[in-house]
Amino acid sequence: MDVYVDKPKCTGCEHCKDVCPVNVFDIIKIEQDVNTDHAPEEMKFKGQHDPATFAKFSTANDGHTHFKDKSSGARGSDCILCQACLIQCEGECIHIFDDSGNTYKSIYQ
Ligand code: SF4
Ligand code: SF4
């Protein structure tokens, strides 16, 4: 099992961390190295957020902070594929791969 986050689309909302039963996600200060998972090069954070995701959520007032100074990193080997994070990820940026080669991507509910 592997899990990674498309970092430019991650808003830092922490929904993933709130719902994951096995603590796959770490919320990491952006000035630290947030590219600790296996995300491909184009999904690493290089100082720029995805413009469309930023426009959609930067002013959202839902009790969470967005684009402040955080991003989510993932430690995928513990994932039990409950899929809770996939429907809670507002950035639709979580990617999960199971051991049979199936892929799962987030679709915000
Ligand atoms: S699918 Fe995996 S990473 Fe996502 S909430 Fe469930 S256990 Fe955690
Ligand atoms: S739920 Fe998605 S957008 Fe929010 S912190 Fe987690 S990975 Fe980032």
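In the description that follows, Ala, Val, Leu, Ile, Met, Phe, Trp, Tyr, Cys and Pro count as nonpolar, Asp, Glu, Lys and Arg as charged, and the others, Gly among them, as polar. The structure is a predicted model, in which local features need pLDDT of at least 70 and side-chain atom pairs count only at pLDDT 80 or more, while totals for chains, interfaces and linings use all residues. Residues are numbered from 1 along each chain as its sequence is written, and chains are lettered from A and ligands numbered from 1 in the order in which they are written.

Confidence is expressed as pLDDT, the predictor's confidence in each residue, from 0 to 100. The protein chain has an average pLDDT of 90, and 98% of the residues score at least 70. Helices (H or I, at least four residues) and strands (E, at least two) are DSSP runs, numbered from the N terminus. Within the protein chain, the highest confidence is found in α3, at a mean of 96, and the lowest in β3, at 73. Where pLDDT is low, the predicted coordinates should not be read in detail.

Two ligands are present, and a residue is taken to be near a molecule if its C-beta atom, placed from the backbone, lies within 6 Å of it. Ligand 1 is surrounded by 14 residues, of which Cys-20, Val-24, Cys-79, Cys-82 and Cys-85 are the closest. This shell consists of 13 nonpolar residues and one polar residue, with no charged residue. Around ligand 2 there are 15 residues, the closest being Cys-10, Cys-13, Cys-16, Cys-89 and Gly-91. The shell of ligand 2 comprises seven nonpolar, six polar and two charged residues.

Strands of a sheet pair through backbone hydrogen bonds, either parallel or antiparallel. Here two strands are said to pair if DSSP finds at least two bridges between them. An open sheet is formed by three strands in the order β1-β4-β5, with antiparallel pairing. Its edge strands are β1 and β5, each of which pairs on one side only. Neighbouring strands of this sheet are turned against each other by 15° on average, direction ignored; the axes are lines fitted to C-alpha atoms, for helices over the stretch in contact, and angles run from 0 to 180 degrees between N-to-C directions. Strand β1 (residues 2-5) is joined to β4 (residues 94-97) by four bridges, and Asp-2 has Phe-97 as its bridge partner in β4. Three bridges connect β4 with β5 (residues 103-105). Across this second pairing, Phe-97 stands opposite Thr-103 and His-95 has Lys-105 as its partner. Strands β4 and β5 form a hairpin with five residues between them, and Gly-101 in the turn has a positive phi of about 90°.

A residue is classed as buried if 20 or more other C-beta atoms lie within 10 Å of its own, as exposed if 12 or fewer do, and as partly exposed in between, with C-beta atoms placed from the backbone. His-95, located in strand β4, is buried because 22 other C-beta atoms lie within 10 Å. The C-alpha atoms of His-95 and Ala-74 are 9.9 Å apart, although 21 residues separate the two in sequence.

Strands β2 and β3 are joined by five bridges and run antiparallel; Ile-28 is partnered by Ser-71 in β3. Five of the five residues of β3 are buried, so this strand is largely enclosed by the rest of the structure. Both of its faces are covered, with Lys-70, Ser-72 and Ala-74 buried on one side and Ser-71 and Gly-73 on the other. Ser-71 also lies 8.8 Å from Pro-8, C-alpha to C-alpha, across 63 residues of the chain. Pro-8, in the loop between β1 and α1, counts as buried because it has 21 C-beta neighbours inside 10 Å.

A nonpolar core is a set of buried Ala, Val, Leu, Ile, Met, Phe, Trp, Tyr and Cys residues joined through C-beta atoms within 7 Å. The largest such core contains 17 residues, among which Val-3, Val-5 and Ile-94 touch the most other members. At least two residues of this core are supplied by each of β1, α3 and β4, and the largest share, three residues, comes from β1.

Asn-23 is in the loop between α1 (15-19) and β2 (25-29), and is exposed because 9 other C-beta atoms lie within 10 Å. Leu-81 occupies the loop between β3 (70-74) and α3 (84-88), and counts as exposed because it has 12 C-beta neighbours inside 10 Å.
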